[in-house]
Each structure stands twice: as structure tokens, then as C-alpha cells.
Amino acid sequence: MSIEIKTTEYVLKIVCFAIKGRLDAFEAPALRKRCDDFLAEGTAHFVFDLSEVTMLDSAGLAVLVSALKRSRMASGDVRLVWPREEIASRILKLTKFDQVFTSIDSSEIVPKGF
Amino acid sequence: MKIAIVSTHPPGKGSLTEYGYHFIRFLRTKTENVSEIILLLDELPAGEKYEFGQEPGQVPVSVHVCWKFGAMNNALRIRQTVLETKPDVVLFNIQFASFAGGKVAATLGLLAPWLVRSSGFKTAVLLHNIMETVNLKQAGFGGNPVIETVIRLFGNMVTRFILQANLVAVTIPKYVEILEAKYHANNVLLAPHGSFEETNREMPSAVPAGPPNIMTFGKFGTYKKVEVLVEAFERLLPDHPTAKLVIAGTDNPNVKGYLDGIRDKYARVPNITFTGYVSEEQVPIIFGDSWVVVFPYTSTTGSSGVLHQAGGYGKPVVLPRLGDLEQLVIEEGYEGEFFEPESPESLAEAICRVIDHPERMMEMGSVNFMAATGLPITEVVDWYLIHFEQLLKK
């Protein structure tokens with residue numbers, strides 16, 4: 001009697017945007033466009049690595065919120081790698097988005113153990 | 001999610017009608033998150049009524065007229081209506097004088113968020129000003145130091161009641177820090193004002209045709225006073241004889257007759273237009289024709305909707321050197337020319353620094369356009385919805 005083999009393939013696409021510099025009203029549209037393109041092709045899981053963001057304003061935050069809303073609608077999620085710069089992390093705390101977004105370490109972006 | 005909103009709304013002419021109108025307009029588009037909007041609005045003068053159509057793709061709205069500016073029982077009536085309509089979340093769009101001009105009625109009205117939460121409903125407050133930064137005298141309250149001290153004490157007490165809401169949103173970062181430091185609050189968050197306008201508008205490609213058009217917009221007479229602006233305009237007329245000054249808007253409800261007084265007092269100054277009430281349809285025309293938008297404020301009571309509107313139309317702005325406004329301009333990415341409050345000379349010079357330099361005018365307009373359109377109010381509404389979802393999970 002031959003063995004029974006049940007094969008399950010797990011494919012989880014996670015797109016990570018590592019952003020360096022200012023994420024403000026002038027730079028946010030480019031990030032939004034990139035994110036929109038991935039959402040349009042079906043990606044629903046995103047990581048925004050903000051560790052090297054030097055400044056984050058409300059227009060930059062709006063991109064994160066828009067991504068979160070749309071990814072959740074597609075049963076996905078958005079996670080953040082927390083900014084190192086105080087000026088950037090301050091606005092995330094003031095908006096209480098530290099309680100809305102799940103934050104992770106940059107080492108956790110790719111699942112460990114492989 | 002079934003959301004109730006306590007607010008003013010056109011055709012009402014109370015404070016924050018503009019914000020209420022645009023917030024509700026965009027909330028109605030969020031059909032994926034919101035199943036029903038329950039509007040708890042104030043009583044209108046005889047002959048006027050609220051009108052909300054129902055188009056496909058819009059969240060249905062029900063209107064409950066349940067409070068009256070100046071009444072003592074507003075908090076009780078609002079609570080009763082919330083009990084009857086049973087929303088998932090109640091959002092208050094308010095400032096300290098939303099419910100009345102009188103101190104007692106204003107205070108009693110501001111107990112409404114606490115009463116509603118005490119009745120078991122998730123409650124959020126969008127508080128457009130905080131007592132700590134309001135100049136009471138110039139905002140139409142107070143008058144002598146003893147009364148001001150008493151009002152401040154009541155203000156502290158009322159703030160503590162407001163902070164009993166599940167969430168309190170404010171529009172300026174400094175407000176969050178003040179409330180956290182003074183009241184040890186941990187439920188205060190920053191929710192920027194956002195731009196009222198559609199984001200599909202393009203930045204104007206040139207300065208509007210015709211003579212220089214200097215415009216100010218608002219409800220005047222308390223902390224928005226036009227005397228300094230008119231005197232500054234008078235000073236710049238010899239070098240700009242065709243320039244126009246447009247004073248767009250009405251008296252603040254607490255200072256009826258203010259603009260008529262200005263018209264009489266400065267009858268000698270030519271080229272001034274008083275538009276009176278500006279309807280929603282007229283707003284794009286008023287802003288579109290202007291070269292520069294001036295903020296003749298003597299103090300501020302919160303984030304300025306007019307600043308976001310000016311930015312949305314790609315207009316340069318001239319602002320007084322006052323704490324809130326200057327900070328807002330810097331933190332939200334706007335650019336403006338500044339003047340010393342109460343100095344016509346300083347204001348005239350600031351206006352000339354804009355209107356005499358078309359390239360500078362376009363550059364400032366462009367920066368402000370980017371700042372305003374970077375965060376349209378439709379996205380601010382999403383910020384609230386994400387926080388509400390979080391709140392409902394608890």
C-alpha cells in the first residue's frame with residue numbers, strides 16, 4: 001500500500017517598502033503610487049520599513065492609513081518597522097497609530113526558520 | 001458601523017458648519033465601513049430645514065434635530081436621542097462655544113460627551129480648540145480678570161469631562177501634548193484638519209487675471225477682526241490703486257452688526273467688497289479669484305479651516321505671528337508670509353511681499369497646494385474610522 005501524500009503550498013506575498021529620507025507631502029505621492037500598483041495586482045500584505053525615515057508628516061501618514069484600509073479590505077494587513085528618528089516616531093505616537101498598526105523589527109520582515 | 005455625529009450643518013450658520021458639512025459629505029462615501037449615519041443637529045431658524053438626498057453609493061442618513069444653540073438642556077436631549085437611535089459610536093464635532101454663547105449653557109452642553117459615554121456608548125470628540133490656548137477676551141468671553149479666572153476653572157473642569165470620552169481628537173500636535181501633560185490623558189490623539197476640497201483640482205497655472213485681489217474669509221468680530229486689514233489695505237492703495245479687498249463672510253453669531261460697523265467706520269476706503277454669507281457654490285469663485293488670502297486674527301481658537309481651503313486652491317497666505325497658526329503652518333507643510341498682529345504697517349508689507357512678486361506668489365501657492373491636497377478630509381475620515389474600529393474591538 002502506497003503512502004498518502006497531502007501537499008499544501010503556502011504562498012504569502014509580502015511587499016516591503018524601505019523608505020529613506022523625508023516622507024512628506026512632496027514625496028508621499030510616489031509611495032502611494034507604488035503601493036496602489038501592488039494593491040491593484042492583488043498584493044494585500046505590506047511592510048513599511050520607516051527605520052530610515054527622517055521626517056514623517058500627515059501626508060505621509062495618509063499613505064500608511066490608505067494602505068492599511070485597502071489591505072484590510074483585501075484580508076491583508078500592514079506592519080511598520082518603527083522609525084529611529086524621534087521627529088518621525090513622534091507623529092505616530094501623537095496620532096495613536098502606534099495602537100493601530102502592528103510594529104515589527106526589520107529582522108522579522110521575512111519569516112524566520114528557513 | 002452605525003455612527004452618530006453631533007454637529008452643526010448648513011444651512012445652519014453656527015460654528016463648525018463647514019467642517020461638519022465636509023466631514024459628513026465624505027463619511028457618506030464610506031459604504032464599506034459605515035452602514036448608517038445618524039445626524040444629531042441643532043435647531044434651525046423658522047423656515048429653514050436640513051436637506052439630505054440619497055444617491056446610489058451613499059451611506060443613508062437620518063436627521064434628528066435635538067439641540068439648540070443657547071439652550072440649557074442640550075446634553076440631556078442629545079443623550080436621549082442617542083438612547084433612542086442606538087449608534088455604535090457617537091462623534092462630537094465641537095469647540096468650547098458650540099452649544100451656547102453664554103457660559104452656563106455652553107458648559108452644560110459640553111457635558112454631553114460624558115453623559116453619552118456614561119450611558120454605555122462609545123464616544124469620540126473632535127475638539128477644535130482647547131481652553132488652554134484660547135484668548136477668552138478676544139474669543140468673545142470674559143471681560144474682566146475675575147470672570148476670566150472663573151471661566152478658566154470651569155474650562156478645566158469641562159475639559160476633564162470631555163476627556164471622559166473614549167477618544168478625544170485634536171487638530172494640532174501641541175494640543176495633544178498640553179492635554180497629556182496637564183490632565184494625564186492617554187486617550188487624546190492628533191487628527192489633522194484635512195483639506196475640504198476635491199483632490200482632482202489642479203494647481204492654478206497663473207495668477208488670476210485682473211487687479212490684485214486680497215481676500216479674507218470667515219465669521220468676523222471676535223478673534224477675526226478686519227480693522228487692521230482694512231488699514232493695511234488703505235496703506236497699500238497709493239502704490240496699488242486698482243487693488244481690491246474682499247471681506248468674505250458674515251458676523252460671528254456672538255458679535256452681530258460687527259461688519260456693518262466696519263463698513264461705516266471705513267466708508268472712506270474704496271475698493272472694498274463685503275460679500276455677506278458665502279454659499280458652498282460661491283466658495284470656489286471667491287478663492288479662485290483671490291491673489292492672496294489674509295488671516296486677520298488676533299488670537300486663534302484652533303486649526304484654521306480657511307488655511308486648508310486656501311491651500312486647496314493653491315493660494316499664498318498672510319498670517320499673524322501667533323503661536324497656533326505659525327506652528328500649524330510649519331508642522332503641516334504650509335508656507336506663509338507673517339505679520340505682527342495689530343500692526344497695519346507690518347500687514348501691508350507682508351501683503352506686498354506676496355502680490356508684488358508673482359513668482360513668489362506661485363511658489364507659495366504651490367507649496368500650500370501640496371500641503372492641503374496631501375491630506376484631503378476624505379482620508380482624515382478614514383483615520384477616524386480606523387480608530388473607531390479599534391475602539392469597537394475593545
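Analyst: Happy to. With 394 residues, chain B would have a radius of gyration near 21 Å if it were a compact globule, and its value is 21 Å, so the two agree. Please keep in mind that this is a predicted model. The C-alpha trace of chain B spans about 65 × 55 × 45 Å along its principal axes.

User: What share of chain B counts as buried, and what makes a residue buried?

Analyst: A residue is called buried if 20 or more other C-beta atoms lie within 10 Å of its own. By that test, 50% of the 394 residues of chain B are buried. For chain A, with 114 residues, the share is 31%.

User: Which strands make up the open sheet of chain B, and why are two of them called edge strands?

Analyst: Seven strands form it, in the order E3-E2-E1-E4-E5-E6-E7, with parallel pairing. Strand E3 (61-67) and strand E7 (188-190) of chain B each pair on one side only, and these are the edge strands. From one strand to the next, the twist averages 20°.

User: How do you know that E4 and E5 of chain B are paired?

Analyst: Pairing asks for at least two bridges between two strands. Strand E4 (residues 89-94) and strand E5 (residues 122-127) of chain B are joined by six bridges and run parallel, so they qualify as a pair. To find the place on your screen, look for Asn93(B), which stands opposite Leu126(B) in E5(B).

User: What lies across this part of the sheet?

Analyst: Helix H2 (residues 74-85) of chain B lies across strand E1 (2-7), strand E2 (36-42), E3 and E4 of chain B. Relative to E3(B), this helix runs at about 150°.

User: What makes strand E12 of chain B covered on both faces?

Analyst: Look at the side chains of strand E12 (residues 317-320) of chain B: Val317(B) and Leu319(B) are on one side, Val318(B) and Pro320(B) on the other, and all are buried. With buried residues on either side, both faces count as covered.

User: Which strands does E12 of chain B pair with, and how do you know?

Analyst: Two bridges join strand E11 (residues 292-294) of chain B to E12(B), and four join E12(B) to strand E13 (residues 336-339) of chain B. The requirement is at least two bridges, so both links count as pairing. E11(B) and E12(B) run parallel, as do E12(B) and E13(B). Val293(B) has Val317(B) as its bridge partner in E12(B), while Leu319(B) has Phe338(B) in E13(B).

User: How is chain B divided into domains?

Analyst: Domain 1 takes in 2-194 + 376-393, and domain 2 covers 213-374. Taken over C-alpha atoms, the centres of these two domains of chain B are separated by 27 Å.

User: What pattern does chain A follow along the sequence?

Analyst: Chain A reads β-α-β-α-β-α-β, with three helices and four strands. Its C-alpha trace spans about 65 × 30 × 25 Å along the principal axes.

User: How many residues of chain A are in contact with chain B, and what counts as contact?

Analyst: Two residues are in contact if their C-beta atoms lie within 7 Å. On that basis, 18 residues of chain A are in contact with 18 residues of chain B. Helix H2 (residues 58-73) of chain A gives the most to chain A's side, with eight residues. The residues on that side divide into 10 nonpolar, four polar and four charged.

Notes
Residues numbered from 1 in each chain as written. Chains lettered and ligands numbered in written order. Predicted model: local features only at pLDDT ≥ 70, side-chain atom pairs only at ≥ 80, totals over all residues. Rg over C-alpha atoms; globule rule 2.2 N^0.38 Å. Buried ≥ 20, exposed ≤ 12 C-beta atoms within 10 Å, placed from the backbone. Axes fitted to C-alpha atoms, helices over the stretch in contact; angles between N-to-C directions. Domains from an automatic or database assignment. Nonpolar A, V, L, I, M, F, W, Y, C, P; charged D, E, K, R; others polar.
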